[in-house]
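Q: Hi! Could you walk me through this model? I'd like to start with how its elements are named.

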Amino acid sequence: DVVTKDQEISRLRAQVEELHSKSQLAQPQNSVEAREAAEWKRRMLTAEAETEVLRRQCSSLQLEAAPWPQRLADAGEMVTQLQGQCKQMQESEAALRKELSQREQESYRLAQRTQELEKQVASFASR
């Protein structure tokens, strides 16, 4: 898009130069030539104004586009960091699940042992 605007600016500059040379070479000899010269001058001024508008738009677009490569790089770095944090959290979750499973198994064993001991106590008490 910037290339297209640069081409348009170049085209308009060429028109301006052409209009300048035509207006300087020929001084109007009659009213028809005077009207044509005035029209060329009006076109030249219009082309200069359009060139300036395009130049400003191009500069504005360049300023808007300038920070995007760094923003994309920053976002990529943030994604990498978040992926690392996610992996760490998944590993922590897996370790906690394993520990929970071990504690549940231990709790089950202790409950069974407690029942066995209660049966033995009841057996001794009944004697």
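A: Happy to. Helices (H or I, at least four residues) and strands (E, at least two) are DSSP runs, numbered from the N terminus. This is a predicted model, in which local features need pLDDT of at least 70, side-chain atom pairs count only at pLDDT 80 or more, and totals for chains, interfaces and linings use all residues. Residues are numbered from 1 along each chain as its sequence is written, and side-chain values use heavy atoms, with hydrogens and water left out.

Q: Great. How many salt bridges does the structure hold?

A: There are 9. A salt bridge here is a side-chain nitrogen of Lys or Arg within 4 Å of a carboxyl oxygen of Asp or Glu.

Q: Which residue does E39 pair with?

A: E39 pairs with R42, and their closest N and O atoms are 2.5 Å apart. The two are about one helical turn from each other, because they sit 3 residues apart in helix α2.

Q: And is E39 buried, exposed or partly exposed?

A: E39 counts as partly exposed, because its relative accessibility is 30%. R42 is partly exposed too, at 44%. For the cut-offs, buried means under 20% relative accessible area, exposed over 50%, and partly exposed in between (1.4 Å probe, protein chains only).

Q: OK, on to α3. What does R109 bridge to?

A: R109 forms a salt bridge with E106, with 2.8 Å between the closest N and O atoms. Both lie in helix α3 (residues 68-126), 3 residues apart, which is about one turn of the helix. R109 is partly exposed at 45% relative accessible area, and E106 is partly exposed at 37%.

Q: What about R113?

A: R113 bridges to E116, the closest N and O atoms being 3.3 Å apart. This pair is also 3 residues apart in α3, so about one helical turn separates R113 and E116. R113 has 42% relative accessibility and counts as partly exposed.

Q: Switching topic: which residues make up the largest nonpolar core?

A: It has 7 residues: I9, L12, V16, L19, M44, A47 and L54. A nonpolar core is a set of buried Ala, Val, Leu, Ile, Met, Phe, Trp, Tyr and Cys residues joined through side-chain atoms within 4.5 Å.

Q: Which elements give two or more residues to that core?

A: Those are α1 (2-25) and α2 (31-65). The most comes from α1, with 4 residues.

Q: Last one: what does L12 touch?

A: Leaving out residues up to four places away in sequence, L12 touches A47, E50, T51 and L54, where contact means heavy atoms within 4.5 Å.
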